[in-house]
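User: I would like to learn how to read aromatic pairs and sheet packing in a model. Please give the general idea, then the case here.

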Amino acid sequence: MASSPALKRSDSIADSMPEALRQSRYHMKKCFAKYIAQGKRMMKLHNLMDELEKVIDDPAERSHVLEGLLGYILCTTMEAAVVPPYLAFATRQNPGFWEYVKVNANDLSVEGITATEYLKFKEMIVDENWAKDEYALEIDFGAVDFSTPRLTLSSSIGYGLSYVSKFLTSKLNASSTSVQGLVDYLLTLNHQGDKLMINETLSTVSKLQAALVVAEASISSLPTDTPYQSFELRFKQWGFEKGWGDTAERVRDTMRTLSEVLQAPDPLNIEKFFGRVPTVFNIVLFSVHGYFGQADVLGLPDTGGQVVYVLDQVVAFEEEMLQRIKQQGLNAKPQILVVSRLIPDAKGTKCNQELEPIKNTKHSHILRIPFRTEKGVLNQWVSRFDIYPYLERYTQDASDKIIELMEGKPDLIIGNYTDGNLVASLMARKLGITLGTIAHALEKTKYEDSDIKLKELDPKYHFSCQFTADLIAMNSADFVITSTYQEIAGSKDRPGQYESHSAFTLPGLFRVVSGISVFDPKFNIAAPGADQSVYFPYTEKQKRLTNFRPAIEELLFSKVDNDEHIGYLEERKKPILFTMARLDTVKNTTGLAEWYGKNKRLRSLVNLVVVGGSFDPTKSKDREEAAEIKKMHMLIEKYQLKGQIRWIAAQTDRYRNSELYRTVADSKGAFVQPALYEAFGLTVIEAMNCGLPTFATNQGGPAEIIIDGVSGFHIDPNNGDESSNKIVNFFQKCKEDPEHWNRISAQGLKRIYECYTWKIYANKVLNMGSLYTFWRTLYKDQKQAKQRYVETFYNLEFRNLVKDVPVKKDDETPQVPKERAKVKPLISQRHALNLLPTVVWIIEQPGMILVPPLSTETHTNKESVTFSSVVCNSISRQNK
């Protein structure tokens, strides 16, 4: 479709589509008649194209149609809702830019429609009564976001920090009030009660500017390495406090940077200055679900790359914070707490230990807080899909313990995944702290049509709670950390994880007409790395972990089946095709096994080694894992893979795992990451760090990590034949030209060193924490208004949804919840949410009733109604 004519940016699909249909009216009448012939249904692009191909059987005529304007319009279609006689199209010409149109199949008339109208078409397919309900709850976060600055170009998405710096430049240039706001902000800086940077002596812009001139002149004659303590008293008399730097040179440079920001700000100086402002000393990271530990946890249910990510993140944060604190001339010690769940039934791990020091750090710990129910502490693991009933009380327990250990509030809170992000958002709101969130993986994009299939999927996955929690967290966040652009806004052909939350519907619950905007400057790309002291190239022989060689030899080549490995490799001299991941549907490990089983050429060239899960489905408490274990056994029998496949149980020792990667590299093998979707792909980074050529999914982050055909290869997880043949071609070429393997290995390492290190990551995120803390003070009114909307959504919707998730009892298998009883609220939830901006205005007016913030503490239904009554009474009095 490369030759298809693109629309101009000013052109709309609604304006262009009538002419496109007219040009091929005969074929389009037949085609649209076929589209609606099967009645109500959802169609994806491939469905539209397949049926068009059947209608236009002449290849030349079909090519003519598809190479024209209509072909381009169809290729921008992400999906279409068929409700005869209409087809409603959701089109997307560029990431973040959506347009909705409906076409009448009878006369091919075209009409532009709103997101709300399009979502109603989708709802008609599964729940016509809900679609027609004029009081159906609509969620519109955009209604309270109207005054927040926005990016405008798809190419700018994910560069929020840069945008904020540019916007602050224009704001400080244009308004003396904004400059004074910066001074006021600096006056608030302190650590444990000690003032930092400036004191009340320098309370205005003019006083600060004058003092900076004097101070710079004073230290210009000093040797550059003169310690700050040598002139601290003199500076204090002028209104300066510590925090400017540890030496005369550092202090002078920081002061000069601030002088330039005050006089003639530019984005580079703003970023540089806020990178030096001492604001972040204490950080809390939430990673709640699964088994969070430093050893013996990887491969356990709900426990994978996120644990490694967070632990490596902490080490990088502490190193960067210690360096910054030293350069700021301070004696403070940073504190970092990773808060997870304490699980009494810890399965031999340390997950039943409350406080655990984090290795390779001096001031960082894991803090574990248990889940509590009315009957006390819950002993057993709980699936990430069933975790929601425990989180509100968990937040309170965690907050109390954090404040006790830190002897005060943290400076920055960062959440991880849905549960950690929700807990982080509740705590950040309660304490008034800057909040960053990291999704890792938003489940909505993992399951096709997961929104309108809610009734089918919710009993198993409780997506109603998860999608609601995700909306709450991403709208509460001051900044959002993502690993890739695709995570936010996808690619030309696929919407991003966050983008998929811009407009969607959960029939029977609520309709999201504006969930999140990917043009919000809160979005930032900060790619993580891998611990390069662990994951280093196979060629660095002197560093190789030779003590693991006997164990790895046994792991790979022993012909004995046991609890750690089954299957064997008959021809051990073959290169190894290697994969390592959790055994769940999305990771698609069984998909790779099936590709291998079907492809005789691939089986003749390489052995397959799979690391993941366990072998007995009855011993797994994870529903998906149990199903995948059964499937793996079935595939081994179906394709008679004995002698060609080695299935190794999940491995938790990352040092041994790193040597396993290198051993596979010794065999001139390759790593495969075949996931249906992967937000980032830490195993891809690990394998490439070890010099192992890598094939990774083209769905998600790995598509950005790897330059296809240069530093590795992209594979399509939805096209097994194509993917397996691509792997075959690589190994065949390596057989003919051994240097081909070396070239791909070297280019993979080059890519890693240029783009993916934890030092770069830590510097970016700490700069976010500093700059967004100031940013939120400039937009505190908008932040408060949006937070009220979020609180109402949480109280009226999320807390009711949680009631339908069964609370697990120890030694009890998960229950299937009963279908939700539809209770008509005393006040329409839609009205309560839509009236909230008015309520926020009301509380600022003299003589109006003050609406209290909604607490995260448990309320009865009666109390929720009381809040709604207050809203109604306030509006009634306003009208009078």
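User: Is tyrosine 309 buried or exposed?

Analyst: Buried means under 20% relative accessible area, exposed over 50%, and partly exposed in between, with a 1.4 Å probe and protein chains only. Tyrosine 309 has a relative accessible area of 3%, so the residue is buried. Tyrosine 761, at 0%, is buried too. This is a predicted model: local features need pLDDT of at least 70, side-chain atom pairs count only at pLDDT 80 or more, and totals for chains, interfaces and linings use all residues. Residues are numbered from 1 along each chain as its sequence is written, and side-chain values use heavy atoms, with hydrogens and water left out.

User: How many aromatic pairs are there, and what describes a pair?

Analyst: A pair of aromatic rings is described by the distance of the centres and the angle of the planes. Rings of Phe, Tyr and Trp (its six-membered ring) pair if their centres lie within 6.5 Å; planes under 30 degrees apart count as stacked, over 60 as edge-to-face and the rest as tilted. The count by this rule is 51 aromatic pairs. In one of them, tyrosine 309 and tyrosine 761 have ring centres 6.0 Å apart and planes at 85°, so the pair is edge-to-face. Tyrosine 309 belongs to helix H14 (residues 305-327) and tyrosine 761 to helix H29 (residues 758-778), 452 residues apart, so that the pair links distant parts of the chain. Helices (H or I, at least four residues) and strands (E, at least two) are DSSP runs, numbered from the N terminus.

User: Which residues do ring pairs link into a cluster?

Analyst: The cluster consists of Tyr228, Phe231, Phe235, Trp238, Phe240 and Trp244.

User: Which charged end sits over the ring of phenylalanine 536?

Analyst: A charge sits over a ring if NZ of Lys or CZ of Arg is within 6 Å of the ring centre and within 35 degrees of the ring normal. Over phenylalanine 536 it is that of arginine 662, 3.7 Å from the ring centre. Lysine 102 lies over the face of tyrosine 86, 4.7 Å from the ring centre.

User: In what order do the five strands form the open sheet?

Analyst: Two strands pair if DSSP finds at least two bridges between them. The order is E1-E2-E3-E4-E5, with antiparallel pairing. Strand E1 (41-44) and strand E5 (110-113) are the edge strands, each pairing on one side only. Between strand E2 (residues 77-83) and strand E3 (residues 86-94) there are six bridges.
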